[in-house]
Amino acid sequence: MLSKMQDFDVNTLSISNIKDATYVQSNKQQFELQTNWVTLGKYPLPSKKYTTDDMKSINLTIPTTKNDKHYEIFSAVDEKLSKMNILPNKTYHSLVSEKDDNCYLKFKLYLDTGLFDKDKNRISITSLFDFYKYLREDTQIKIVFGFSKLWKMSNQYGFTLSIKRILLKSEVKEAPEKSTTSFLDDE
């Protein structure tokens, strides 16, 4: 099930345990959410010197503000999930991070994350380093994401935002692969 973030009802969230793993669901189903267009800030990807060929994922950092609709929805998700008290003796790790009066969201990019040009043609990604060509400061993108299974570390627990697909708003200079995929149109 794919929904636009602005249409998402946080009250539909629930927790499901499947094969020794805990997942976030909406209306007791797996789901994906799509952001509106977001503009990447400075250094959206980690420095290349911290990225290696054998890494399984890298973080995409998206800036947000307390006046932003995304911030509002992610904060509501955080509030709902923390009130569920999934692991009573541990602290819930928020999806929205704050540092030096700046707010941001971190999403995980994987090698199988779909990257699409403005015409919704798939762009070939053969290495995590390929994302550096397309995801730069001031690039506008839409993200379709889901939640990873529950993670636990030390005295904290939480869910990771896992990117399924990215749609680029601007032109791509390299030839994309032909493909069909789902993004919800709103503009």
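Predicted model: local features only at pLDDT ≥ 70, side-chain atom pairs only at ≥ 80, totals over all residues.
Local features are reported at pLDDT of at least 70 and side-chain atom pairs at pLDDT 80 or more, while totals for chains, interfaces and linings use all residues. Residues are numbered from 1 along each chain as its sequence is written, and side-chain values use heavy atoms, with hydrogens and water left out.

Helix 1 covers residues 69–83; helices here are DSSP runs of H or I with at least four residues, strands are E runs of at least two, and both are numbered from the N terminus. Just past the helix, Asn85 has a positive phi of about 50 degrees.

Thr35 sits in the loop between strand 4 (32–34) and strand 5 (38–39). With 3% relative accessibility, Thr35 counts as buried (under 20% relative accessible area, with a 1.4 Å probe and protein chains only). Leaving aside residues up to four places away in sequence, its contacts (heavy atoms within 4.5 Å) include His70, Ile141 and Phe145.

As for the strands, three of them make an open, mixed sheet in the order 7-14-13, where pairing takes at least two DSSP bridges between two strands. Strand 7 and strand 14 (residues 156–158) run parallel over two bridges, and Thr91 stands opposite Gln156 of strand 14.

How values were computed: Buried < 20%, exposed > 50% of the residue type's maximum accessible area, 1.4 Å probe, protein only. Expected span 1.5 Å × (residues − 1).
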